[in-house]
Amino acid sequence: MSCILHIETSTSVCSVAVSDDSQVIFHQENHDGPNHSEHLGTMVDEAMSFADSHAIPFDAVAVSCGPGSYTGLRIGVSMAKGLCVGRDLKLVAVPTLELLCVPVLLRESLPLGGGQTGPLPDDALLCPMIDARRMEVFAAIYDRSLRPVRATQADIVEADTYKQWLDERPVFFFGNGAAKCRETIAHPNAHFLDGIEPIAKWMQPLAERRLINGQTEDVAYFVPFYLKDYVAGKPKNLLAT
């Protein structure tokens, strides 16, 4: 197993975690943002000091790579790349929308409509959303195994945007872009979850799987989501700021 430093700065929350042998052994969160430039350095220093004081060598740095805030992603990725160069560590990129699904999958009970709660249905789809502007979001659709049903893209949310999936299966919407869609997506199979945020401590299973599978990034050339030329055919000027 590996020791990984996790950095998440894609939204207004700034968070850092350390995992070792598949267990999170350190984590900090700051919800006063967006002011990541003020807090991230101190949080990373404390995380690395914690690991160093326990003689636990780092193997990799994992960073949430978007979509999300242009400034937040830039700060987080810059920090991660600097640490990888300075300590000769591997770099692992974790998609923010995939990360958002982890706390949902770990919940034992979810609101199922009609005042009922229960476990996530076997046929459920997960639709994490990151706010962009107006009625735009960045969204993807996953099944319970985190297999992509529809890739990440920029959506202008209207009543029928997700109809083809809602007509077939329950779809759970969450993330900081979901709240503004609640009134627009009025379908009996639509379920909205509050309070789901991308946090560094949830990155462990995703980052460790990528590291085991050799899915690491070229530190010199890696860029986050907002610098990709196109996202599902949409020009990069649609990315969240």
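This is a predicted model: local features need pLDDT of at least 70, side-chain atom pairs count only at pLDDT 80 or more; totals for chains, interfaces and linings use all residues.

Q: Which helices do Arg-87 and Asp-52 lie in?
A: Arg-87 is in helix 2 (residues 70-87) and Asp-52 is in helix 1 (residues 36-53), so the pair ties together parts that are 35 residues apart in sequence.

Q: Is Arg-87 buried or partly exposed?
A: Partly exposed, at 37% relative accessible area. Asp-52 is partly exposed too, at 40%.

Q: How many salt bridges does the structure hold?
A: Nine. One of them joins Lys-201 to Glu-29, at 3.7 Å from N to O. That pair links distant parts of the chain, 172 residues apart: Lys-201 sits in the loop between strand 12 and helix 5 (204-212), and Glu-29 in strand 3 (residues 23-30).

Q: And what about Asp-155 and Arg-150, buried or exposed?
A: Both are buried, and their side chains meet in a salt bridge at 3.0 Å, N to O.

Q: Switching topic: what's the strand order in the open sheet of five strands?
A: The order is 10-9-8-11-12, with mixed pairing. Strand 10 (148-156) and strand 12 (190-192) are the edges, each pairing on one side only.

Q: Which helix packs on the sheet?
A: Helix 3 (residues 96-106), which touches strands 8, 9, 10 and 11. Its direction makes about 125° with that of strand 8.

Q: Last one: where does pLDDT stay under 50?
A: Over residues 229-241. For the chain, the mean pLDDT is 92.

Technical notes: Residues are numbered from 1 along each chain as its sequence is written. Side-chain values use heavy atoms; hydrogens and water are left out. pLDDT is the predictor's confidence in each residue, from 0 to 100. Contact means heavy atoms within 4.5 Å. Two strands pair if DSSP finds at least two bridges between them. Helices (H or I, at least four residues) and strands (E, at least two) are DSSP runs, numbered from the N terminus. Axes are lines fitted to C-alpha atoms, for helices over the stretch in contact, and angles run from 0 to 180 degrees between N-to-C directions. A salt bridge is a side-chain nitrogen of Lys or Arg within 4 Å of a carboxyl oxygen of Asp or Glu. Buried means under 20% relative accessible area, exposed over 50%, partly exposed in between (1.4 Å probe, protein chains only).
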